[in-house]
Amino acid sequence: MEIIYIALLFFTFVAGESRNLKFASYSLIPQGLLIAISVYLLAYMRNISSFYLIASLDILVRAILMPTVLIILLKSRLEKEDKPTITHPLSIALSIVVLSVGYNFMDTIRITSFPNVLSCFTAGFTLFIYGLFLLLSKRDMVKMIISFFIIENGIHFLIISMLPNMPKTIEIGLTFNFIIAILFFIYITMKLNILSIMEQVKKFKIDNNAFNFEENKE
Amino acid sequence: MKSDLFLYSLSYIAPLLTGLIIFLVRGNLKISASLSVLSIVIATFSTYKGWYQINEEGLKFLRIGEMLYIDGFSIFMQFMVEFVSLFVILYSLKDIPLLYSHRKDKFHIYFSAIMLSVGFMNLAFVLDNLFLVYIGLEISSIISVYLITFNLNKDSLKAGFKYLLIVNVGILFSLLGVVLVSYNTGTDVLISNIGENIGLLTKNIALLCAGLFIIGFFTKAGLVPFHVWLPEAYAEAPTAITVFMAGALTKIGFYGLARTVTVFAFNLEEIKLAVIILSSLSMLLGAILAFNQKDIKRLIAYCSISEMGFISSALVLSSYAGVFGAIFHLLNHTLMKGVLFFSAGILIYLFGSRQIDEIKNSPSMKPLLVLSFLIGALAVGGMPPFSSFLSSLSIIFALSEGKFLWTAVIMAFSGFISTIALLRCANSIFWYKGDKVDIRNGISIPTPLMLCSLLFALLLIIFGIYPDILYSLIDSAAKGIININN
């Protein structure tokens with residue numbers, strides 16, 4: 001299981017730090033798949049039947065649906081990330097610190113203070129903290145959506161680890177909330193992209209007209 | 001039993017169904033608005049039935065099936081949301097076609113989003129399980145993003161994005177709080193058993209849980225230091241939606257606070273102190289920041305942040321007087337912000353700008369508008385004979401009794417500053433001595449817009465002179481909050 005969690009954190013790091021937004025969005029697919037695999041494994045090892053449904057839902061929502069809409073969104077904008085609030089090398093260094101220290105620290109906390117939680121608690125909490133860090137350090141809207149995605153995945157893991165017998169209806173309700181929130185994020189970002197494209201076209205036309213006018217004058 | 005369940009469920013089923021019908025039928029503006037009004041009337045009738053049963057039979061709460069828990073506070077919140085949404089729809093009927101004609105093919109979605117949001121809020125107010133409450137409140141918040149961004153310009157989209165991001169992430173903390181309580185007690189966290197469950201927690205865990213709830217619900221309510229989304233969202237949303245947000249959506253945060261943090265505050269002095277310090281910050285910062293605003297809606301938004309600090313400080317005082325004052329002020333806040341935002345909306349409609357410098361006119365032209373704005377401004381300062389005077393006084397007494405005299409002083413001071421800021425704005429708009437700005441195209445104020453504003457102002461006076469009208473409703477709501485602590 002440990003290897004799965006580390007791989008999960010690696011893809012999260014790639015999604016968070018990749019400057020190419022398309023690549024970052026594609027990294028969410030293995031991340032979602034690894035979440036689903038770990039939930040399947042927990043279902044099998046702990047004999048919790050409701051986890052099979054949750055894992056299937058995770059594949060559908062976290063590994064397919066959400067990354068896909070994000071990739072579709074990127075068709076209407078540049079794939080390069082807007083400049084973050086901190087420099088990229090510093091951001092990478094801090095990410096490594098947050099992920100590695102966070103994971104080890106939370107593992108100790110889990111063993112000492114939360115002995116009854118499932119193993120995904122540590123990864124869940126690390127994702128949550130890392131998502132918050134990304135949210136504060138990034139300025140690009142798509143990166144902010146990815147940060148929200150990571151925070152949500154962290155919360156999902158935390159709920160699974162702490163309340164494995166939670167009613168399925170609540171888990172489905174929370175996933176439904178998550179889908180609606182992401183769709184609204186995409187809606188707003190798409191509309192903003194369209195507006196900025198229109199603005200650029202307008203500006204280009206004005207500049208072009210001014211240039212033609214100057215040329216005719218000469 | 002089944003008929004009871006259906007009757008009480010109408011308070012959320014009617015708006016939810018209407019929202020879906022409006023969305024699918026794609027009717028015109030009048031059909032959408034009429035259907036919305038009809039469903040709100042049905043929802044209000046359902047809420048009234050619940051209220052009647054609780055009041056007549058002297059019950060503490062109604063438990064219907066395994067999922068619904070209705071007490072005085074649920075009823076109060078439902079009434080308030082229904083009241084606000086009714087006027088929001090009436091105001092929108094005139095305001096939206098005039099100012100947002102470029103979105104006329106989406107008017108049905110606008111009304112549908114209001115109804116869905118009302119439906120999910122009303123549902124959350126009667127649910128017992130805190131996870132389900134969270135889901136209901138969260139969906140209503142997310143849907144309202146469509147309303148904030150309705151204008152579809154760059155600023156409104158950015159404000160909507162900020163709102164969605166901050167509120168969603170913030171409220172996830174309260175979800176973590178529910179998870180933590182549930183994990184530590186080993187049971188489902190219900191509103192009906194939260195008092196007992198919190199008693200089972202160790203002090204450190206209780207403090208951690210309360211901290212998570214505070215972050216979550218302070219963000220939702222728009223209190224300092226989690227308020228950054230509020231001024232922009234209020235300013236960029238259509239005026240009717242600003243009133244909807246101030247009167248209903250931010251109240252979700254207070255609903256959450258009253259159901260969780262108040263219970264913690266009854267058991268832990270540290271929580272009480274933390275909330276009161278944060279509330280005092282809200283009061284002060286809101287009032288001070290209001291002073292320098294050039295945008296009329298942002299100015300009122302900052303005053304709103306300041307006022308909401310009054311409510312949150314009183315909610316955690318662990319006394320009947322404090323909780324009573326908080327609930328009374330919750331209602332007054334809705335009325336005051338209704339008056340002010342509706343009046344500001346009329347000014348924006350007349351002058352086509354939100355900038356105070358660009359709105360200059362004389363009081364003789366629109367005396368009723370001047371009157372309603374002034375009533376709102378004076379009510380913010382807790383002046384008699386407005387109902388906010390009584391609620392502010394109750395809170396000040398409760399704070400003094402609870403040995404938080406310094407908070408009472410900050411409250412009085414910030415109320416004064418907010419009023420001065422609003423009066424200065426009124427002076428600059430209505431009694432400007434330089435060149436007047438013409439009302440665009442010489443248009444007059446549509447009667448429904450003025451009526452909405454005046455009615456809210458009138459209610460502030462009526463409830464100030466005859467507070468008995470509200471007594472049993474507020475008393476029952478206060479007891480509802482206090483009962484879950486025992």
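# Working through a predicted two-chain model

In this predicted model, Glu199(A) and Lys154(B) form a salt bridge, with their closest N and O atoms 3.2 Å apart.

## Exercise 1: Where the chains meet

Work out how chain B and chain A touch: how many salt bridges are there between them, and which helix of chain B gives the largest share of the side that touches chain A?

*Solution.* 

Step 1. Count the salt bridges between the two chains: there is 1.

Step 2. Now look for polar contacts between chain B and chain A, with both residues at pLDDT 80 or more: the count is 1 residue pair.

Step 3. Find the helices on the chain B side. Helix 5 and helix 6 of chain B each supply at least two residues that touch chain A. Helix 6 provides the largest share, with 17 residues.

Step 4. Zoom out to the whole interface. In chain B, 32 residues are in contact with 35 residues of chain A.

Step 5. The size of an interface is often given as the accessible area lost when the parts come together. Here chain B and chain A bury about 3,100 Å² between them, and 86% of that is on carbon and sulfur atoms.

## Exercise 2: A salt-bridge network

The structure holds 13 salt bridges over all chains. Take the one between Asp295(B) and Arg354(B): which parts of chain B does this pair tie together?

*Solution.* 

Step 1. Check the distance: the side chains of Asp295(B) and Arg354(B) meet at 2.7 Å, N to O.

Step 2. Asp295(B) sits in the loop between helix 12 (269–291) and helix 13, while Arg354(B) sits in the loop between helix 14 and helix 15, so the pair ties together parts of chain B that are 59 residues apart in sequence.

Step 3. See how covered they are. Asp295(B) has 5% relative accessibility, so this residue counts as buried. Arg354(B), at 22%, counts as partly exposed.

Step 4. Look for shared partners. Salt bridges that share partners join Glu236(B), Asp295(B) and Arg354(B) into one network.

Step 5. Arg110(A) and Asp107(A) meet at 3.3 Å, N to O; both lie in helix 4 (residues 88–113) of chain A, 3 residues apart, about one turn of the helix.

## Exercise 3: A nonpolar patch and a nearby pairing of helices

Chain B carries a nonpolar surface patch. Which helix of chain B gives the most residues to the patch?

*Solution.* 

Step 1. Outline the patch: its area is about 900 Å², and its residues include Leu17(B), Leu20(B), Phe23(B), Ile31(B) and Leu38(B).

Step 2. Assign the helices. Helix 1 (2–25) and helix 2 (29–56) each supply at least two residues, and helix 1 gives the most, with 6.

Step 3. Pick one residue. Leu20(B) lies in helix 1 and is partly exposed, at 45% relative accessible area.

Step 4. Look at Lys49(B), which is in helix 2. Lys49(B) and Tyr8(B) are 41 residues apart in sequence and 7.3 Å apart in space, C-alpha to C-alpha. Not counting residues up to four places away in sequence, Lys49(B) touches Leu7(B) and Tyr8(B).

Definitions and conventions
Residues are numbered from 1 along each chain as its sequence is written. Chains are lettered from A and ligands numbered from 1 in the order in which they are written. This is a predicted model: local features need pLDDT of at least 70, side-chain atom pairs count only at pLDDT 80 or more; totals for chains, interfaces and linings use all residues. Side-chain values use heavy atoms; hydrogens and water are left out. Patches are made of residues with over 30% relative accessible area and no salt bridge: like charges are joined within 9 Å, nonpolar side chains (Val, Leu, Ile, Met, Phe, Trp, Tyr) within 5 Å. Accessible areas come from the Shrake-Rupley method with a 1.4 Å probe; for residues, only the protein chains shown count as cover. A salt bridge is a side-chain nitrogen of Lys or Arg within 4 Å of a carboxyl oxygen of Asp or Glu. Helices (H or I, at least four residues) and strands (E, at least two) are DSSP runs, numbered from the N terminus. Buried means under 20% relative accessible area, exposed over 50%, partly exposed in between (1.4 Å probe, protein chains only). Contact means heavy atoms within 4.5 Å. Buried area is the accessible area (1.4 Å probe) that two parts lose on being put together, summed over both. A polar contact is a pair of N or O atoms within 3.5 Å; within protein, one must be able to donate a hydrogen and the other to accept it, and residues adjacent in sequence count only if both atoms are side-chain atoms.
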